[in-house]
Amino acid sequence: MFFDWWSDKNYNHHKIAISNKNDKIQFFFKESNQLQNGIKRHVTRSERESLLKQKGLTIWFTGLSASGKSTLASVLEQHLLHLGISSYRLDGDNIRFGLNKDLGFGPGDRTENIRRIAEVAKLFADSTTIALTSFISPFRADRDSARKLHEEGGIPFVEVFVDAPLEVVEQRDPKGLYKKAKAGEIKEFTGISSPYEPPTSPEVHIKTDKTTIEESVKILVNYLEEKKYISTL
């Protein structure tokens with residue numbers, strides 16, 4: 001393998017040709033980009049956004065179990081996909097049983113769980129993907145830390161409070177978790193034996209006991225359009 005430099009005046013780009021036997025790959029680097037020893041250091045987020053025509057951000061769904069977080073995130077993910085917008089949903093199924101399978105549900109582990117999720121979401125958003133996180137994330141300080149992490153990286157963070165009264169989520173209770181928690185079978189269960197601290201000023205507040213899933217998704221899409229995070233045109 002060898003590197004061979006030349007300049008293309010027509011396209012005003014630098015090129016690197018990497019030859020390996022009969023294979024040749026050409027990489028094009030704009031002259032305006034910062035180069036070190038002739039090779040660009042990294043691809044910037046602004047480059048990705050410009051070429052992929054999409055902005056990355058994190059949409060952080062928070063609320064009690066059975067409030068509708070995962071349902072709303074799933075439907076939004078499908079809607080964005082059909083608009084040609086790349087997004088990826090992070091939830092308990094693909095985080096708790098993989099990356100965070102070593103964590104429990106005590107206060108310290110809950111904080112570490114959210115910290116790791118925030119870091120992963122930030123990476124997705126940096127790649128121009130819209131990260132959709134649907135976790136109870138009961139502690140305000142943990143959510144604030146996730147927001148700060150994104151803000152420090154210049155990445156938009158949209159907190160969505162998926163709000164439903166305790167009596168409503170107890171009636172829904174699709175997995176029977178509230179019933180088990182009240183029977184003492186589940187310790188430190190949010191809303192029963194562990195507190196949930198609701199957001200004080202979320203970007204979006206959706207009351208799922210008063211709005212349909214279609215209405216809720218429309219609220220979110222309208223917000224994203226107003227902030228120019230997405231375009232449906």
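Helices, of at least four residues, and strands, of at least two, are taken here as DSSP runs and numbered from the N terminus. The model described is a predicted one.

With elements labelled in this way, helix H2 (69–82), strand E7, helix H3 (92–99) and helix H4 each supply at least two residues of the lining of the largest pocket. The volume of this pocket is about 1,000 Å³, and among the 32 residues that line it, Ser 65, Gly 92, Ile 136, Lys 175 and Leu 177 are the closest to its centre. Helix H3 gives the most to the lining, with 4 residues. By residue class, the lining of the largest pocket comprises 11 nonpolar, 10 polar and 11 charged residues.

Strand E6, which spans residues 57–62, is mostly covered, with 6 of its 6 residues buried. In a regular strand the side chains alternate between the two faces of the sheet.

Aromatic contacts were examined next. A pair of aromatic rings is described by the distance of the centres and the angle of the planes. The structure holds 4 aromatic pairs. In one of these, the ring centres of Tyr 88 and Phe 124 are 5.1 Å apart and the planes lie at 5 degrees, so the pair is stacked. This pair links distant parts of the chain, with Tyr 88 in strand E7 (residues 87–91) and Phe 124 in helix H4 (residues 107–126), 36 residues apart. Tyr 88 is partly exposed, because its relative accessible area of 39% lies between the 20% and 50% limits, and Phe 124 is likewise partly exposed, with a relative accessible area of 27%.

A further stacked pair is formed by Phe 161 and Tyr 196, with 6.2 Å from centre to centre and 25 degrees between the planes. Phe 161 lies in strand E9 (residues 157–163), whereas Tyr 196 belongs to the loop between helix H7 (177–182) and strand E10 (204–207), so the pair ties together parts of the chain that are 35 residues apart in sequence. Both Phe 161 and Tyr 196 are buried.

Two loop residues complete the description. Thr 129, found in the loop between helix H4 and strand E8, is buried, with a relative accessible area of 12%. When residues up to four places away in sequence are not counted, Thr 129 touches Gln 54, Gly 56, Leu 57, Ser 86, Ser 87, Tyr 88 and Phe 124; this list includes Tyr 88 and Phe 124, the two members of a stacked pair. Ile 192, in the loop between helix H7 and strand E10, counts as partly exposed at 30% relative accessibility. Although Ile 192 and Ala 181 are 11 residues apart in sequence, their C-alpha atoms are 6.8 Å apart in space. Apart from neighbours within four places in sequence, Ile 192 is in contact with Leu 166, Glu 170, Tyr 178, Ala 181 and Lys 182.

Terms used:
Residues are numbered from 1 along each chain as its sequence is written. This is a predicted model: local features need pLDDT of at least 70, side-chain atom pairs count only at pLDDT 80 or more; totals for chains, interfaces and linings use all residues. Side-chain values use heavy atoms; hydrogens and water are left out. Rings of Phe, Tyr and Trp (its six-membered ring) pair if their centres lie within 6.5 Å; planes under 30 degrees apart count as stacked, over 60 as edge-to-face and the rest as tilted. Buried means under 20% relative accessible area, exposed over 50%, partly exposed in between (1.4 Å probe, protein chains only). Contact means heavy atoms within 4.5 Å. On a 1 Å grid over the protein atoms alone, a cavity is a set of points where a 1.4 Å probe fits but cannot get out, and a pocket is an open set with protein on both sides within 12 Å along at least five of seven lines; lining residues have an atom within 4 Å of a point. Grid points are joined across faces, edges and corners, and a volume is the space filled by probe spheres set on the points. Ala, Val, Leu, Ile, Met, Phe, Trp, Tyr, Cys and Pro count as nonpolar, Asp, Glu, Lys and Arg as charged, and the others, Gly among them, as polar.
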